[in-house]
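Good morning, colleagues. Please keep the structure in view as I speak.

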Amino acid sequence: MSAPAENKKPSTVTESVGATADLGSKTPSASRPVVIWAIIGGLILAFQIYIWASWAIGPHFERVPTGPSDPPTWMKIILGTWTTVILAGWPVGVWWFIVRPWRRERRITLDGMLLVACGLLFFQDPLLNYFNTWSTYNTWMFNRGSWVAEIPGWRSYAEPGAMMAEPLLMNAAGYSYGVLLCTILGCFVMRQAKKKWPNINNYGLIGILIVWTFFFDLVIEGLFLMPMGLFTYPGAIQSLSINAGTYYQWPIYEGLMWGGVQAGLCALRYFTDDRGRTFVERGLERTGGGFVRQQGTRFLAIFAACSIFFFVCYNLPAQWFAMNADPWPEDIQKRSYFDMGVCGDGTGRLCPDPALPIPGRDTAYIDPDGKLVLPDGVELPKIVPHERGN
């Protein structure tokens, strides 16, 4: 994607707008915002590394099996082919966005930083199930469960071999350059909108981007990834879903939440100053230190912004939808490769339903016979009688 002719300066990474207006000042402030953003990014990254390490050496690093159901052959072929394409594309993305610019200009571009930052967003992928399992992956794909049980306060059911299962080979690489390519495409849409409506302000551009991303997500997720069997939203509110009642039901609020994330990422890349710097990089020239320190500070600041966009625009609102989920459709429950072993036939646990208490880790649950099942060694709390009289 080439920048407009007037923006082809050695120091410019992406589209440079003359006045970033409400989204960041070109004039450096007395403070160094980049340092604050970098500290936030460093803390987030340290937390992710700690959780991933705890998962890798702990009991939850175990494959979640498919169960008795076998995905249809066509689904296996598509998923296998798509995984191969994603894996083959990842080194190409590394070469194009990191190695190639470095060989040409001896610098790390904003897109190179975003390639790594978007890849690390993979950590947040399963967080939508924090309080209640309302999204599942196809466990036929290679997985080692996920790191969710290591996250402090995690409430959804999670046991070794029966938990949220991340398709590692596809998602790790897919988040990296897949999200970046969507961001680049979103910036292209913003430039085209600016050409068509020259007087549109920055917030108008972001609004157009959210609308675009909604329909783009509908096509990519709702009409492609979900029908091919990659993942499901069994707890989607069906009155707010397309193809409700099927394993590929797509909640329309998914498009809105991801639209918010993508809008943040696109705004970060699109609205740069005359040096090609994002709003989180302000004050970088005054941080001191050598090249490695400055670029490390810059990356952590960018990573912090990307992480916050994902958490605030997607994972926070997702918790409300999870707590108000609809019953799981039969079309999902009958396919064990979508149930991840957390509920349904053969598990002794009913799948989430508004009529039932939300099951969690180390909590009692209702079995298929309607009986309350307590965890081992746990007793029901007793009613303490009121004091009576004086």
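Let me begin with what is meant by a pocket. On a 1 Å grid over the protein atoms alone, a pocket is an open set of points with protein on both sides within 12 Å along at least five of seven lines, whereas a cavity is a set of points where a 1.4 Å probe fits but cannot get out; lining residues have an atom within 4 Å of a point. Grid points are joined across faces, edges and corners, and a volume is the space filled by probe spheres set on the points. The model is a predicted one, in which local features need pLDDT of at least 70 and side-chain atom pairs count only at pLDDT 80 or more, while totals for chains, interfaces and linings use all residues. Residues are numbered from 1 along each chain as its sequence is written, and side-chain values use heavy atoms, with hydrogens and water left out.

The largest pocket, then, has a volume of about 750 Å³. Its lining comprises 29 residues, of which Tyr 175, Val 179, Ile 220, Glu 221 and Leu 225 are the closest to the centre. Two or more lining residues come from each of helices H2 (73-105), H4 (168-196), H5 (202-225), H6 (252-270) and H7. Helices here are DSSP runs of H or I with at least four residues, strands are runs of E with at least two, and both are numbered from the N terminus. Helix H4 supplies the largest share of this lining, eight residues. By class, the lining has 20 nonpolar, five polar and four charged residues. In that division, Ala, Val, Leu, Ile, Met, Phe, Trp, Tyr, Cys and Pro count as nonpolar, Asp, Glu, Lys and Arg as charged, and the others, Gly among them, as polar.

The largest cavity holds about 100 Å³ of space, and its lining includes Asn 132, Tyr 157, Trp 328 and Arg 349. That lining has seven nonpolar, three polar and one charged residues. The second largest cavity holds about 80 Å³, with Asp 353, Leu 356 and Tyr 365 among its lining residues. Here the lining has ten nonpolar, no polar and one charged residues.

Next, the salt bridges, each defined as a side-chain nitrogen of Lys or Arg within 4 Å of a carboxyl oxygen of Asp or Glu. Seven are found in the whole structure. One of them joins Asp 111 and Arg 269, whose closest N and O atoms are 2.7 Å apart. This pair links distant parts of the chain, as Asp 111 lies in helix H3 (residues 110-120) and Arg 269 in helix H6, 158 residues apart. Both Asp 111 and Arg 269 are buried; buried means under 20% relative accessible area, exposed means over 50%, and partly exposed lies in between (1.4 Å probe, protein chains only).

A network of salt bridges links Asp 331, Lys 334 and Arg 335. Asp 331 pairs with Lys 334 at 3.6 Å between the closest N and O atoms, and with Arg 335 at 3.1 Å, N to O. Lys 334, in contrast, is exposed, because its relative accessible area is 57%.

Finally, two points on the backbone. Most residues other than glycine have a negative phi. Arg 106, although not a glycine, has a positive phi of about 55 degrees. Arg 106 is found in the loop between H2 and H3 and counts as exposed, because its relative accessibility is 52%. Met 340 also has a positive phi, near 60 degrees. Met 340 is found in the loop between helix H9 (336-339) and strand E5 (365-366), and it counts as buried, because its relative accessibility is 0%.
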